[in-house]
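Opening the notebook on this one. I want to look at one helix and at the charged pairs.

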Amino acid sequence: DFDAAGFLEAAKRNFVTLQAAWDRGDVATLRSMMTDEMLSEIKTQLQEREAQSGGVLNQTDVVMIEAQLLGIEDLGHAYMASVEFSGMIREEASAGPSPFREVWNMTKPKSNSSGWLVAGLQALQ
């Protein structure tokens with residue numbers, strides 16, 4: 001009784017929301033959408049980006065996005081869904097869009113104490 005189509009539509013919206021939060025360095029939004037472990041990794045990456053860029057914010061446009069559900073696992077206390085995202089993003093206003101592929105692992109406790117949270121991601125392209 002899992003609504004895969006609805007889940008994937010929400011996942012695509014969350015991808016765009018998380019990308020915008022990453023660009024802004026919006027830790028509060030990132031915290032609401034990620035596990036504590038994932039947030040810790042992202043905060044480290046944000047600090048590194050800040051040091052390298054001198055505080056200049058990113059601006060990423062998600063030009064096109066597709067999502068494919070790779071599978072759902074029962075972890076006992078939670079469910080984990082793996083989703084492959086692909087599409088085109090533009091990271092510089094003067095540049096053309098570039099293709100991307102990423103797999104995101106998202107978890108949701110069976111207790112329903114939270115919704116789906118990003119627990120890991122891997123860039124494939």
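Which side chains meet in a salt bridge at 3.0 Å, N to O? I found Arg101 and Glu84; a salt bridge here is a side-chain nitrogen of Lys or Arg within 4 Å of a carboxyl oxygen of Asp or Glu.

Ground rules first: this is a predicted model, where local features need pLDDT of at least 70, side-chain atom pairs count only at pLDDT 80 or more, and totals for chains, interfaces and linings use all residues. Residues are numbered from 1 along each chain as its sequence is written, and side-chain values use heavy atoms, with hydrogens and water left out.

Back to the pair: Arg101 sits in strand β3 and Glu84 in strand β2 (residues 78–90), 17 residues apart. Buried means under 20% relative accessible area, exposed over 50%, partly exposed in between (1.4 Å probe, protein chains only).

The structure holds 4 salt bridges. Another one joins Lys110 and Asp74, with the closest N and O atoms 2.8 Å apart.

Next, helix α3, residues 36–53. I get Met38, Leu39, Ile42, Leu46 and Arg49 as its buried residues. They lie on the same side of α3 because they cover an arc of only 90 degrees around the axis (taken from the directions from the helix axis to the C-beta atoms). The face turned away carries exposed residues, including Asp36 and Gln47. Just after α3, I noted Gly54 with a positive phi of about 70 degrees.

Key. Helices (H or I, at least four residues) and strands (E, at least two) are DSSP runs, numbered from the N terminus. The expected span of a helix is 1.5 Å times one less than its number of residues.
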